[in-house]
There are 2 protein chains.
Amino acid sequence: MSKLTVAFLLFPEVTQLDLTGPAQVLSRLGNARIELVAKTRDPVPTDAGFCLLPTATFSEVDSAEILCVPGGVGTLNVIEDEETLVWVRAVAADAAWVTSVCTGSLVLAAAGLLNGYRATSHWASRDQLKLFGAIPVPERVVFDRNRVTGGGVTAGIDFALELTARIRGDQHAKLVQLGLEYDPAPPFDCGTLKKADRATVNRFEEIAGQDLAQRAERVKAVAHAMQRHAD
Amino acid sequence: MSKLTVAFLLFPEVTQLDLTGPAQVLSRLGNARIELVAKTRDPVPTDAGFCLLPTATFSEVDSAEILCVPGGVGTLNVIEDEETLVWVRAVAADAAWVTSVCTGSLVLAAAGLLNGYRATSHWASRDQLKLFGAIPVPERVVFDRNRVTGGGVTAGIDFALELTARIRGDQHAKLVQLGLEYDPAPPFDCGTLKKADRATVNRFEEIAGQDLAQRAERVKAVAHAMQRHAD
């Protein structure tokens, strides 16, 4: 069985579980080589207080069967960074699967890769996909042709298991799920905006609202610049 | 609010999601500093094809509010390594919470920290806890006094959310769960031995059975050596 390369884009202030969740699952495809690809080989700070170490630089990995872009606060800088978008477009062009977790879909969108595609993102950012011509869908994992997008953070595990099933069949995906003992038991039923109680949503708004609004403005500016460029 | 240190033991061939899952959750306690503590500062290879970078060495972090030991194939070497067990015992002695995910509980057990405690582990290794005087419990997250153990790999997320609720209250834990969009949707209902269909269990046995049997022998040898030492 020849090696199947799974290339994760790695960038500063990535939400590390967006990457490490699906990386765990996809490392068990049976023939996968996981690559964490960044601008340089320097350690990359994540949102969780530790660094991830790239396995390769942009010039070292220029193609992959699966491209996966994780999300996080750092995506704001990524969508403004042409060097990274050029790499994402180049790898996506020949990839069998072009994928993202959480706000990683905004990076795919800003690279022009979701125009006309159904896609999802973290619930708090999902509507921003419209700015780039994508069709936001309030689902946890969205397949549209070879684009596969997962919802916020922990959705990366579900996304990767579904992708495993597509690539290697249900039987193999079940084996991986059993091996990872994936029989989740969330302590609360509040993992989406719809399910969360009013107090939790209010508190989220209170803590993150201003920051999210500022981030939305930056995303809008990038989308408008793209639009002007295209006109 | 003073900083609360969460120290993860980091060792070669760790199952990286055992660590990165709870690290993501606990990094949102609000006042936590996540430390990945290893023998040296050298990059540590994980089971998923990439390295994690320690934030500190054993001598640099000698106490923590929360100690967490992840699992993985590498635990076999860890339970035979006195230097690491000495560090685990020392940090556990003063920790508010002594915790593990997956086969990390075998490390706690081999360090003598689960004697007489109810505990869990990856389903395929859970019974081995008995060898060290622990009481295996077929649950996903087990609290017994200040010992908290999670089941296999993905159970680390549930474990960390439950611990968050204990430390900072349900309201904060709900906020974290919503932020991580933790509303899991596993593609199959096969995440435990009990739920998995016969074909999946058979295939698991076929692929991993021999390796697991050899690992069980090594665990037994360590337990017997401890016993002889104690007699």
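Helix contact and salt bridges

Modeller: In this predicted model, A:Ala199, A:Thr200, A:Val201, A:Arg203, A:Phe204 and A:Ile207 of helix 7 of chain A meet B:Gln171, B:Lys174, B:Leu175, B:Leu178 and B:Gly179 of helix 6 of chain B. Contact means heavy atoms within 4.5 Å.

Colleague: What classes of residue are in that contact?
Modeller: Six are nonpolar, three polar and two charged. Ala, Val, Leu, Ile, Met, Phe, Trp, Tyr, Cys and Pro count as nonpolar, Asp, Glu, Lys and Arg as charged, and the others, Gly among them, as polar.

Colleague: At what angle do the axes of these two helices cross?
Modeller: The axes of helix 7 of chain A and helix 6 of chain B cross at roughly 70° and come within 9 Å. The two helices are therefore roughly perpendicular (angles of 65 to 115 degrees).

Colleague: New topic. How many salt bridges are there over all chains?
Modeller: The search finds 31, each a side-chain nitrogen of Lys or Arg within 4 Å of a carboxyl oxygen of Asp or Glu.

Colleague: Which residue pairs with A:Asp158?
Modeller: A:Arg140 does, with the closest N and O atoms 2.6 Å apart. A:Asp158 is in helix 5 of chain A and A:Arg140 in the loop between strand 9 and strand 10, so the pair ties together parts 18 residues apart in sequence.

Colleague: Are A:Asp158 and A:Arg140 buried or exposed?
Modeller: Both are buried (under 20% relative accessible area; exposed is over 50%, partly exposed in between, with a 1.4 Å probe and protein chains only).

Colleague: How are residues and chains labelled?
Modeller: Residues are numbered from 1 along each chain as its sequence is written, and chains are lettered from A in the order in which they are written. Local features need pLDDT of at least 70, side-chain atom pairs count only at pLDDT 80 or more, and side-chain values use heavy atoms, leaving out hydrogens and water.

Conventions: Axes are lines fitted to C-alpha atoms, for helices over the stretch in contact, and angles run from 0 to 180 degrees between N-to-C directions. Helices (H or I, at least four residues) and strands (E, at least two) are DSSP runs, numbered from the N terminus. Angles under 35 degrees count as roughly parallel, over 145 as roughly antiparallel, 65 to 115 as roughly perpendicular and the rest as oblique.
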